[in-house]
Amino acid sequence: MLAGVLALSVALLGACGGSSAAPPAPTTPAAPAAAAAGTAVLKVHDFAFDPLTVAPGTRITLVNSDSAPHNATATDGSFKSADATPGHDVSFAAPSKPGAYSFLCTVHPNMKGTLTVK
Ligand SMILES: [Cu+2]
């Protein structure tokens, strides 16, 4: 009986320790900083855009917290998002050229914002 317990212990130790099989490689990109690179969130709430500064070409997600649809359309035509209906985010690419881009929501043209690319 004692021998059986010892044998079991040895087996468990062997299973835990000596295996040369590598654990799953730590390739999961869990770092928040890395995930944030190249993407940004443009928040819309109370019929107003939050100001946003991004790097050229950043993928911007328009997150709409209002009960009406909104979009972000550059007044110079350099970008245009689809309509973000409530609870349905849309994304678009920031211009590749640095600058301050005025934009508006074509559903509510009095909604204006500025996207800074640098
Ligand atoms: Cu709107």
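Start with strand β5, which pairs with strand β7 (residues 99-104) in the antiparallel sense over two bridges. Strands pair here if DSSP finds at least two bridges between them. Strands (E, at least two residues) and helices (H or I, at least four) are DSSP runs, numbered from the N terminus. The model is predicted: local features need pLDDT of at least 70, side-chain atom pairs count only at pLDDT 80 or more, and totals for chains, interfaces and linings use all residues. Residues are numbered from 1 along each chain as its sequence is written.

**Stop 1: Thr 73**

Select Thr 73, in strand β5 (residues 73-74). Is Thr 73 buried, exposed or partly exposed? Thr 73 counts as partly exposed because it has 17 C-beta neighbours inside 10 Å. The cut-offs: buried means 20 or more other C-beta atoms within 10 Å of the residue's own, exposed means 12 or fewer, and partly exposed lies in between, with C-beta atoms placed from the backbone.

Now show the contacts of Thr 73. Leaving aside neighbours within four places in sequence, they are Lys 80, Phe 103, Leu 104 and Thr 106. A contact requires C-beta atoms, placed from the backbone, within 7 Å. Next, draw a distance from Thr 73 to Ser 102. The two are 29 residues apart in sequence, and 8.5 Å apart in space, C-alpha to C-alpha.

**Stop 2**

Select Ala 74. Its bridge partner in β7 is Phe 103. Phe 103 is also one of the contacts of Thr 73.

Continue from β7 to strand β8 (residues 112-117). These two strands pair in the antiparallel sense over six bridges. Pick Gly 99, and look opposite for Val 117 in β8.

**Stop 3: the four-stranded sheet**

Select β2, β1, β4 and β6. They form an open sheet in the order β2-β1-β4-β6, with mixed pairing. β2 (48-49) and β6 (90-93) stand at the edges with a single partner strand each, so one side of each has no neighbour in the sheet.

Which strand is joined to β6 by four bridges? That is strand β4 (residues 59-64), and the two run antiparallel.

**Last stop: the whole protein**

Zoom out. The protein has two helices and eight strands. From the N terminus on, the elements run α-α-β-β-β-β-β-β-β-β. Of the 118 residues, 15% count as buried. Among contacts between residues at least 6 apart in sequence, 41% join residues at least 24 apart.

Terms used
Two residues are in contact if their C-beta atoms, placed from the backbone, lie within 7 Å.
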